[in-house]
Each structure stands twice: as C-alpha cells, then as structure tokens.
Amino acid sequence: MNYMNELILQIKNTVSDLMRYDYENYAAHAQELVDKMIAVFPSIISKYSMPQMEDVKEDALYWPGQLERVIYALESHDRFEALDVLYNETYPNLMELMDMLRERGLS
C-alpha cells in the first residue's frame, strides 16, 4: 500500500503545480508521476487476480487505459484535461481501491 500512497502524493504534487501555474516543477512532477505509474500499475493490476478480488477482477482493465489517458492528458498541455484526469478520475479511483484492499484484508 505504501507504493499507492506514494503515487497519490505524486498526483497531489502534480495537480498542485498545475493549480499554481508552476510549469517548471510541473514538468518534473508530471514525468515522475508517469514513471511511478508505470512502476506501480503492474502491482495494482496483480491485486485483481487474488481470490478476494474475484468479483471485481474485470476492473483490472481500467488501469492500463487510465495510464494511457494520463499520458495523453499530460502531453496535450490542456491544463483542465490534466486536472480532470488526475484529480477527478485517477485520484478517487486509487483511494477507492485502497479502501477496498483494506476492507478485504489485502493491504
């Protein structure tokens, strides 16, 4: 779960940069975010193969698509799209997954 907390913190840092128009730090944080997602998403996806996650195993397909959406949003230089994809989609879905893993004894 620590890797997911680190990912959430990286999302918050990147979103904060966007909100403050701090494009210098944003570029570095956005790259770190993508690198972290590439490193962490396989671990997240593997959680769905556990017996406790049988009822939601199809949700594993969300994460590779979301990585693609994040990369596209960050590369598009559309600040509002990046904020939406990061803070309104990825962040709450990570939080929900963390809660689910805790509830099912997988954290």
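Trainee: Which residues are linked with D17 in a network of salt bridges?
Mentor: D17, R20 and D22 form that network. A salt bridge here is a side-chain nitrogen of Lys or Arg within 4 Å of a carboxyl oxygen of Asp or Glu. Before going on, note that this is a predicted model, where local features need pLDDT of at least 70 and side-chain atom pairs count only at pLDDT 80 or more, while totals for chains, interfaces and linings use all residues. Residues are numbered from 1 along each chain as its sequence is written, and side-chain values use heavy atoms, with hydrogens and water left out.

Trainee: What is the N to O distance between D17 and R20?
Mentor: It is 2.8 Å for the salt bridge between those two side chains.

Trainee: Is D17 buried or exposed?
Mentor: D17 counts as buried because its relative accessibility is 1%. Buried means under 20% relative accessible area, exposed over 50%, and partly exposed in between, with a 1.4 Å probe and protein chains only.

Trainee: How many salt bridges are there in the whole structure?
Mentor: A search of the whole structure gives seven. One of them joins the side chains of D55 and R104, at 2.6 Å from N to O. This pair links distant parts of the chain, 49 residues apart: D55 lies in the loop between α2 (23-47) and α3 (62-76), and R104 in the segment after α4 (79-103). Helices are DSSP runs of H or I with at least four residues, numbered from the N terminus.

Trainee: Which residue meets E89 in a salt bridge?
Mentor: R69 does, at 2.6 Å from N to O. E89 is in helix α4 and R69 in helix α3, 20 residues apart, and the pair links distant parts of the chain. E89 is buried at 19% relative accessible area, whereas R69 is partly exposed at 37%.

Trainee: New topic. Which residues line the largest pocket?
Mentor: Y26, A27, A30, Q31, V34, I71, L74, E75 and H77. A pocket is an open set of points on a 1 Å grid over the protein atoms alone, where a 1.4 Å probe fits, with protein on both sides within 12 Å along at least five of seven lines; lining residues have an atom within 4 Å of a point.

Trainee: Which helix gives the largest share of that lining?
Mentor: α2, with five residues. Both α2 and α3 supply at least two residues each.
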